[in-house]
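Visitor: I would like to go through this model with you, starting with a pair of charged side chains.

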Amino acid sequence: MTFTPQQLRDADRRARELSSPDRQLQAALHQAEGYRNFLASLTGLLTAVFVLKGQEDLSKLGHTPRCLVIGLLVTGFLALVAASWLGVLAVHGRPGEEIMLEAGRLLAYEKERTRVIWRLVEWARWRSSASSPSPPQ
């Protein structure tokens with residue numbers, strides 16, 4: 001990859017800003033808030049599924065339809081959990097992920113991270129959608 005001198009200067013400036021201790025602390029706090037929000041939404045989802053679902057009685061169904069309904073519910077729940085996790089991963093990245101602070105490497109990282117975020121968001125979208133069983137390739 002080749003970058004213009006202006007892009008390299010801008011990346012150097014951003015690298016200096018990112019390496020300051022206060023920016024590192026802000027990034028860590030922001031990531032912690034994202035995981036806290038994820039856990040809160042997952043707790044709400046679990047509450048809705050297991051506590052507030054109502055008085056449905058599947059025992060009146062035959063064995064095969066009952067197993068099918070339970071399997072669909074479990075599959076849907078797991079797909080929503082996976083979609084939530086992919087969304088969190090797209091927004092906040094992996095804990096402790098190291099960002100290279102040299103200008104060219106920082107620019108390459110930014111480009112690759114953008115591609116990864118789009119891919120994870122697309123996977124999360126397909127996982128949370130009932131219209132498709134698998135994400136695009």
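Visitor: How far apart are Glu-17 and Arg-13 in helix H1, in helical turns?
Guide: This is a predicted model, in which local features need pLDDT of at least 70, side-chain atom pairs count only at pLDDT 80 or more, and totals for chains, interfaces and linings use all residues. Residues are numbered from 1 along each chain as its sequence is written, and side-chain values use heavy atoms, without hydrogens and water. Glu-17 and Arg-13 are four residues apart in helix H1 (residues 5-18), so their separation is about one helical turn.

Visitor: What is the distance between the closest N and O atoms of Glu-17 and Arg-13?
Guide: The pair forms a salt bridge (a side-chain nitrogen of Lys or Arg within 4 Å of a carboxyl oxygen of Asp or Glu). The closest N and O atoms are separated by 3.0 Å.

Visitor: Is Ala-124 buried or exposed?
Guide: Ala-124 is found in helix H4 (residues 103-128), where helices are DSSP runs of H or I with at least four residues, numbered from the N terminus. The scale is relative accessible area with a 1.4 Å probe, protein chains only: under 20% is buried, over 50% exposed, and in between partly exposed. Because its relative accessibility is 11%, Ala-124 counts as buried.

Technical notes
Helices (H or I, at least four residues) and strands (E, at least two) are DSSP runs, numbered from the N terminus.
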